[in-house]
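Dear colleague,

Please find below the structure that I am handing over to you. My findings follow directly after it.

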Amino acid sequence: MDKLLIFGGRPLKGTVTIGGAKNAALPIMASTLLSSGIHHLKRIPRLRDVFTMAELLKRMGAEITIENDTYKINTKSIFNFEASYDLVRTMRASILVLGPLLARFGKAKVSLPGGCAIGERPVNLHIVGLEKMGAKIDLQEGYIFAKANRLRGTKVYFDIPTVTGTENIMMAASLAKGTTIIENAAKEPEVVDLANYLISMGAKINGAGTSIIEIEGVNELIPPKTYEVIPDRIEAGTFMVIAGASGGDILIKDCRTEFLEAVILKLKDAGVVFRETREGLRVIGPKKPNAVNIKTMPYPGFPTDMQAQFMAMMTIANGTSIIKETIFENRFMHVAELRRMGADISVEGNTATVRGVKQLKGAPVMATDLRASASLVIAGLIAEGKTIIDRIYHLDRGYEELDKKLISLGAKIERLKK
Ligand code: EPU
């Protein structure tokens, strides 16, 4: 397993370009199953999760060719309707094939994802929604066995605004008979990007980006000429925190600031300065950040996917920061590792109290999930001395060449191959 060796203590300066959004690319790739044809998707990030989704589609019979960041996905001969445990356990987003398979082929066998480092993460809302649309679903031997004649439109209300749940129902509803209304839908930009791809295939969707989405089913979807996925807001946010925490000065290219309003406001409170320029967004970090409180919320609230990175910055802030995680019940795995580097953090329930210390000290630490890994990288960059991060395969799931991008900004990092 690869490790990252980081020599910390340098302000990061230079230019970085943001890649395509992982959490938009994955559902859009899954949505290619809804239509028989050749899909041209651009700005697909080079990430382990994306390769896993490609492998899943290939095993179903899709033919995929990749040229730079463009994927050509041919879904004309899909013959296998199964997402097996060996793939689903490495990537929960595999559940996104359930809605499309059921809608186009009337059958699917998808492994239940099971727990995950950040929480239990059930998929009950996906299942109940599809059942309401007429699917017959059995859970057997760790698999979801789903069958349907043509799905039919209905009202689906989510108790919690689930991102992939909203995406699964929206995809299924695109080919259903009649109109589906999703209430308390997730409003994340990635849901909107998927809706835009579906619309470009001929789907009739209104309200994506609000809490009520209306989908009028059509008989057939046809791939557009090409489609470009939105840039990754979490990658951009991570670089903003890197600039803020390291006292750096980073020009971020291809950053959609409208997707990051909560993060930018909190970073401004912490003393980070933002300047819109022609080439991109310039982010300038303070000498030492101010302590700021955050509470994670569904979009447009502060994203849970930025909580760990923000906490790394707060470990060296002036003052005490209160960080509340309301989306996942176990998303503080990075706390124990940050403590090993000298952070002063206590946790009670879903609340972490971070008392800023003068300086973190490098240490060997272990990555536990994707965003926790990013927080350890940030901690390593601002710490004095040497940090070794083990299990960075988590990082490679969601950040495209993060080490290379950081090196180009002046960081001293080595990837230790095993
Ligand atoms: N939930 C249920 N039942 C369900 C579905 C969700 O109780 O059937 C709960 C979850 O346990 C959680 C909450 O609802 O407490 C929200 O979870 P959601 O379903 O929105 O999460 P997700 O769709 O599994 C996506 C992202 C995550 C991101 C979350 C929250 C993708 C592929 N993944 O997950 O991204 O943290 O939304 O914004 O879009 C990451 O990129 O690191 C990552 C974990």
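Helices H5 and H6 are roughly parallel to each other (an angle under 35 degrees; over 145 would be roughly antiparallel, 65 to 115 roughly perpendicular, and the rest oblique). The axes of H5 (residues 124-132) and H6 (residues 163-174) cross at roughly 20° and come within 9 Å. Axes here are lines fitted to C-alpha atoms, for helices over the stretch in contact, and angles run from 0 to 180 degrees between N-to-C directions. Helices (H or I, at least four residues) and strands (E, at least two) are DSSP runs, numbered from the N terminus. The crossing of H5 and H6 is right-handed, that is, the near helix is turned clockwise from the far one by less than a right angle. His126, Gly129 and Leu130 of H5 make the contact with Thr164, Gly165, Asn168, Ile169 and Ala172 of H6, where contact means heavy atoms within 4.5 Å. By class, this contact has three nonpolar, five polar and no charged residues. Ala, Val, Leu, Ile, Met, Phe, Trp, Tyr, Cys and Pro count as nonpolar, Asp, Glu, Lys and Arg as charged, and the others, Gly among them, as polar.

As to provenance, this is a predicted model, in which local features need pLDDT of at least 70 and side-chain atom pairs count only at pLDDT 80 or more, while totals for chains, interfaces and linings use all residues. Residues are numbered from 1 along each chain as its sequence is written, and side-chain values use heavy atoms, with hydrogens and water left out.

Of the 21 residues around the ligand, Leu125, Thr162, Thr164, Asp305 and Ile327 come nearest; a residue is near if one of its heavy atoms lies within 4 Å. Polar contacts are pairs of N or O atoms within 3.5 Å. A polar side-chain atom of Thr164 is 2.6 Å from an oxygen atom of the ligand, and a polar side-chain atom of Asp305 likewise lies 2.6 Å from a ligand oxygen atom. For Asn23, a side-chain N or O atom is 3.1 Å from an oxygen atom of the ligand.

H1 passes H7 in a right-handed crossing. Asn23, Ala24, Pro27, Ile28 and Ser31 of H1 make the contact with Glu190, Asp193, Leu194, Tyr197 and Leu198 of H7. Six nonpolar, two polar and two charged residues form this contact.

H8 (residues 233-246) and H12 (residues 370-382) pack at about 25°, with axes 10 Å apart, which makes them roughly parallel. Their crossing is right-handed.

Two backbone features remain. Most residues other than glycine have a negative phi, and most peptide bonds are trans. Asn68, which is not a glycine, has a positive phi of about 50° and is placed in the loop between strands E4 (63-67) and E5 (70-74). The peptide bond from Tyr299 to Pro300 is cis, with omega near 10°; Pro300 is found in the loop between strand E18 (294-295) and helix H10 (307-314).

Yours sincerely

Technical notes: A polar contact is a pair of N or O atoms within 3.5 Å; within protein, one must be able to donate a hydrogen and the other to accept it, and residues adjacent in sequence count only if both atoms are side-chain atoms.
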